[in-house]
Amino acid sequence: QERERQYSPSRWSPRMDKDTVIQAHVAVMAAGTRRARDSTRTALHVPYGDGDGDRLDIYFPPDRAETFPVLVYIHGGYWQSLSKDESGHAAPPLVSRGVVVVAVGYDTAPKGHMDSMVRQVRRSLAFLVQRYSGIRGIYLCGHSAGAHLAAMVLCTDWADYGVVPDIKGAVLVSGIYDLEPILHTYVNEELNMSQEVAQRNSPMRCIAPAVPAACEVLVAMAQHDSPEFRRQSQEYGQMLRAAGWSVSMLDLSGVDHFDVVERLSEESYVLTQV
């Protein structure tokens, strides 16, 4: 019961009860995405593969430039809810500074399995590199389950994909980096992971030694994340640092697991600024 509680982010919000905070989160993210789509030049539902879920949305700056940085946003939802259609809220403050923002879709459970979700996100990056020659650096931003998927990107053998994306930074927000603790919780009912699948897809178990040009990693967590989520963030950051990665930790006060990323639509928010 305690493990279930620790891995139920909605139970830790001081703002609302556990059901209301999730409903509010979906509504805020969807409304922010609609505003971004209305105010930004976009290419929506772009296929990056042959599957139905292989789609991404691209938000372009108002001024066209020959070269541009790209921020790739990977949504959360415990690998079983949300989509790219609630993932564009962070675009407006960034496109105004010349950043192209990409919201990645992937097949959530039960249709999607952990191995395939990881492959989809990796494949979406390979697609972007092949499609846009003007990219000058990719920055990943993942929230919760999306932070897990972004962390799995950092340990990719790109030889399998034919390109090597120039990943300069990763912002991992309120993530989960060891999947074994959730094997025997409600989270795994839809995911149906075996221990082998959980181990194979745990970022803590596949940290690659940093190369000299390795990207900078920001591991962020919310004050009102559960103690287990906070522990996982701290341990993963420490393990990356021990492997030679450039790691910063950011503990965001006054926010929970949900508004920690909802506020990325605000230009003055500390995480938006970083």
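Trainee: Which residue in β7 is the bridge partner of Val 171?

Mentor: Please keep in mind that this is a predicted model. The partner of Val 171 in β7 is Leu 218, and the pairing of β6 with strand β7, residues 216-224, is parallel and extends over five bridges.

Trainee: How many bridges join β7 to strand β8?

Mentor: There are eight bridges between β7 and β8, residues 246-256, and these two strands run parallel; within β8, Val 247 is the bridge partner of Val 217. To get from β7 to β8 the chain passes through α8, and this β-α-β crossover is right-handed. As a general idea for reading strands, side chains in a regular strand alternate between the two faces of the sheet.

Trainee: Which residues touch the most other members of the largest nonpolar core?

Mentor: That core has 62 residues, and those touching the most other members are Val 72, Trp 79, Leu 140, Leu 172 and Val 217. Helix α4 gives the most to this core, with eight residues. Apart from it lies another core, of 24 residues, which includes Leu 71, Ala 91, Val 260 and Val 261.

Trainee: What does Leu 140 touch, if residues up to four places away in sequence are not counted?

Mentor: Leu 140 touches several residues, among them Val 72, Leu 125, Ala 150, Val 153, Ile 167 and Val 171. Two of the names in that list, Ala 150 and Val 153, are also among the buried residues of α5.

Trainee: Is helix α5 mostly covered or mostly open?

Mentor: Helix α5, residues 145-153, is mostly covered, with nine of its nine residues buried. Those buried residues pack against the strands β3, β5 and β6 and against the helices α4, α7 and α8.

Trainee: What does UniProt list for residues 56-155?

Mentor: An unreviewed UniProt entry gives "domain: BD-FAE-like" for residues 56-155. In the model, that stretch is 32% helix and 26% strand, and its end C-alpha atoms lie 22 Å apart.

Trainee: Why does the radius of gyration of the chain agree with a compact globule?

Mentor: The agreement holds because a compact globule of 274 residues would have a radius of gyration near 19 Å, and the chain has 17 Å. Across the chain, which has ten helices and eight strands, buried residues make up 56% of the 274 residues. Of the contacts with a separation of 6 or more, 75% are between residues 24 or more positions apart.

Terms used: Residues numbered from 1 in each chain as written. Predicted model: local features only at pLDDT ≥ 70, side-chain atom pairs only at ≥ 80, totals over all residues. Heavy atoms only, no water. Buried < 20%, exposed > 50% of the residue type's maximum accessible area, 1.4 Å probe, protein only. Helix = DSSP H or I, 4+ residues; strand = E, 2+ residues; numbered from the N terminus. Contact = heavy atoms within 4.5 Å. UniProt positions renumbered as here; feature names shortened; annotations may be inferred. Core = buried A, V, L, I, M, F, W, Y, C linked by side-chain atoms within 4.5 Å. Pairing = 2+ DSSP bridges. Right-handed = clockwise from strand over helix to strand, strands pointing away. Rg over C-alpha atoms; globule rule 2.2 N^0.38 Å.
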